[in-house]
Amino acid sequence: MPKFFISPVFSLQEQAVLFDGDCLELLSGIPDESMRLVVTSPPYNIGKSYERKNTLDKYLEWQDRVIGECVRVLHPEGSICWQTGNYVHAGSIVPLDIALYPSFANRGLKLRNRVIWHFEHGLHCSRRLSGRYETILWFTKTDEYSFDLDSIRVPQKYPGKKYFKGSKAGQYSCNPLGKNPGDVWIIPNVKNNHVEKTSHPCQFPIELVERLVLSMTRKGDWVLDPFAGVGSTLIAGLKHGRRAAGAELSSEYCEIARNRMAQFMAGSLRSRPMYRPVYDPKNAGRSMTTPTAGKAAEEQFQLL
Ligand SMILES: C[S@@+](CC[C@H](N)C(=O)[O-])C[C@H]1O[C@@H](n2cnc3c(N)ncnc32)[C@H](O)[C@@H]1O
């Protein structure tokens, strides 16, 4: 089988592009209005190994420049999904989606949803509640945006439910294709036991991006991630027959991304399938718990 080609420079003729360097440089070579979807999770300016912490104002100025370029390359029917958490300084949190909202709104983009991505694992805080969600701001450039809800419907809770009165009495009341997945998504984040885990400290689960790709693009469209990390967005795009482009400043993560994309194309990349139910220790026979773990909390619950 011929080796899958991942171009190091952008061209509209390619299927996959991974630029080893600064996203602004990649973006400068992308034609206006050519991308159908931008999905990314930028650095949060919290001093992770891959970033240099800056003042919040300087960080927001830099993000504004990148967002401006993403808006320029976005197709009029396209979407931008900016996934962020909190900037934390001296114990005080600033939700980055709130801080970044003006960069989109001032350019005329419209916010369609603020998706809450809930997960169970992360840092344990002792002076505030542990953070267990992040958000995805979904913006569109115009009102004529592409959105295919049917491609991401989830099973109905009560598929056998019927109208009990009126002209439709006796007919099923649910959409047989499933229900709208809503704006709270419960998807495990990529921690140590996750099949997709690499050495990157905060990679996306591929399934999180798949929903965006499926509902906001069609086959052959371009999906762009300016902060590509280990390539999760690009893989989600390729998985569904889209073209995928990204930039990553760290050569180490770029190399991992290239390998993962090649493995995906060769059919050997392990990933968590969309819609697999979240691990439930009770249903799983508590295989990962010791007899005393969480006993105090459990007793409390039984008293309620
Ligand atoms: C939150 S991570 C994104 C992880 C990614 N979503 C994934 O699933 O692997 C942010 C990434 O942006 C990269 N980065 C930081 N500054 C960059 C820049 N100016 N241009 C391109 N990438 C950059 C970092 O090295 C880091 O891997």
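**A few notes on this predicted model**

1. Let's begin with Q263, which counts as partly exposed because 15 other C-beta atoms lie within 10 Å, a number between the 12 or fewer of an exposed residue and the 20 or more of a buried one. Please keep in mind as you read that this is a predicted model.

2. Where does Q263 sit? Its place is in helix 6, which covers residues 251-266. Leaving aside residues up to four places away in sequence, Q263 touches S268 and L269. G47 is 216 residues from Q263 along the chain, and the C-alpha atoms of the two are separated by 31 Å.

3. Helix 2 (residues 56-73) packs with helix 3 (residues 96-105) at an angle of about 35°, and their axes are 10 Å apart. The crossing of helix 2 past helix 3 is right-handed.

4. Which residues make this contact? From helix 2 come L60, Q63, D64 and I67, and they meet A99, L100, S103 and F104 of helix 3. Sorted by class, the residues of this contact are five nonpolar, two polar and one charged.

5. Finally, the ligand. There are 19 residues around the ligand, and of these Y50, Q203, F227, G229 and S232 come nearest. How does the shell divide by class? The shell around the ligand has 10 nonpolar residues, together with six polar and three charged ones.

Notes:
Residues numbered from 1 in each chain as written. Predicted model: local features only at pLDDT ≥ 70, side-chain atom pairs only at ≥ 80, totals over all residues. Axes fitted to C-alpha atoms, helices over the stretch in contact; angles between N-to-C directions. Helix = DSSP H or I, 4+ residues; strand = E, 2+ residues; numbered from the N terminus. Left-handed = near helix turned anticlockwise from the far one by under 90°. Contact = placed C-beta atoms within 7 Å. Nonpolar A, V, L, I, M, F, W, Y, C, P; charged D, E, K, R; others polar. Near = placed C-beta within 6 Å.
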